[in-house]
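Biologist: I have the model open in the viewer. Can you take me through a few spots in it?
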Amino acid sequence: MANRTVLFDTSVFIDHLRTAKYKEHIPAVKGLIRNSAVVLSELLRGATRPDEVAFIKSLMKNHPILTPTEKNWVESGDILSAVYREKGFSPDKLKNLHFDVLIALTARNFGATVITSNRADFELIRGYRDFGLEIW
């Protein structure tokens, strides 16, 4: 699996920063690690300590950043509209799901695997668009 491309979801990094839950797992990942611009934005929005900011800056320095395309933004709206019609999720839930959809679509663009601890949301998204997914 050394040739695969990997995008970590925000949930993995939050778990890691709060509890060091993945301190053994993250360095052991084989493949090309890439950052999602969406994930970096979410992390920076919630960073409150200097060590958290330093961790995020290190990610930015050491791993290229992948960004959703214009098509991804439009497609994410289509997916969320379908989720609303089929699942009846509230506007707040759809808003929270939006960034995860963008992360998944960005990963799909590059043939990358999303590594996440957010099973429910990413498996839901995968029901609308296929993409590589690994649950921790």
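Biologist: Start with Ser-76. Does Ser-76 count as buried or exposed, and at what relative accessibility?
Modeller: This is a predicted model, so every value here is computed from its atoms. Ser-76 has 0% relative accessibility, so it counts as buried. The cut-off for buried is under 20%.

Biologist: Where is Ser-76 placed, and what does Ser-76 touch?
Modeller: Ser-76 is in helix α5. Leaving out residues up to four places away in sequence, Ser-76 touches His-98, Val-101, Leu-102 and Leu-105. Take Val-101: Ser-76 and Val-101 are 25 residues apart in sequence, with their C-alpha atoms 6.0 Å apart in space.

Biologist: Which other residues of α5 are buried?
Modeller: Besides Ser-76, the buried residues of α5 are Asn-72, Glu-75, Ile-79, Leu-80, Ala-82 and Val-83. Viewed down the axis of α5, the buried residues fall within an arc of 160°, so they line one face of the helix.

Biologist: What covers them, and what sits on the face turned away?
Modeller: The cover includes α6 (91-109) and α7 (119-126). The face of α5 turned away from the buried side carries the exposed residues Glu-70, Val-74 and Arg-85.

Biologist: How does the span of α5 compare with what its 18 residues should give?
Modeller: The two agree: α5 covers residues 70-87, and at 1.5 Å a residue it should span 26 Å, which is also the distance between its end C-alpha atoms. Just after α5, Gly-88 takes a positive phi of about 70°.

Biologist: Which residue other than glycine has a positive phi?
Modeller: Ala-20 is one of them, with phi near 60°. Most residues other than glycine have a negative phi. Ala-20 is in the loop between α1 (10-19) and α2 (25-28). At 35% relative accessibility, Ala-20 counts as partly exposed.

Biologist: Changing topic, how many salt bridges does the structure hold?
Modeller: The structure holds 8.

Biologist: Are Glu-75 and Arg-129 buried or partly exposed?
Modeller: One of each. Glu-75 counts as buried at 11% relative accessibility, while Arg-129 is partly exposed, with a relative accessible area of 25%.

Biologist: Which residues are linked in a network of salt bridges?
Modeller: Arg-49, Asp-51 and Glu-52 are linked that way. Asp-51 bridges to Arg-49 with the closest N and O atoms 2.9 Å apart, and the side chains of Arg-49 and Glu-52 meet at 3.2 Å, N to O.

Biologist: And how do those three count for accessibility: Arg-49, Asp-51 and Glu-52?
Modeller: Arg-49 is at 35% and counts as partly exposed. Asp-51 is at 42%, also partly exposed. Glu-52 is at 9% and counts as buried.

Biologist: Last one. Which residues make the nonpolar surface patch?
Modeller: A patch of about 270 Å² is made by Leu-44, Val-53, Met-60 and Ile-65. Ile-65 is found in strand β3 (residues 65-66). Its relative accessibility is 40%, so Ile-65 counts as partly exposed.

Definitions and conventions:
Residues numbered from 1 in each chain as written. Predicted model: local features only at pLDDT ≥ 70, side-chain atom pairs only at ≥ 80, totals over all residues. Heavy atoms only, no water. Patch = residues over 30% accessible without salt bridge, like charges linked within 9 Å, V, L, I, M, F, W, Y side chains within 5 Å. Areas by Shrake-Rupley, 256 points an atom, 1.4 Å probe, with all protein chains shown as cover. Salt bridge = Lys/Arg side-chain N within 4 Å of Asp/Glu carboxyl O. Helix = DSSP H or I, 4+ residues; strand = E, 2+ residues; numbered from the N terminus. Buried < 20%, exposed > 50% of the residue type's maximum accessible area, 1.4 Å probe, protein only. Expected span 1.5 Å × (residues − 1). Arc of directions from axis to C-beta. Contact = heavy atoms within 4.5 Å.
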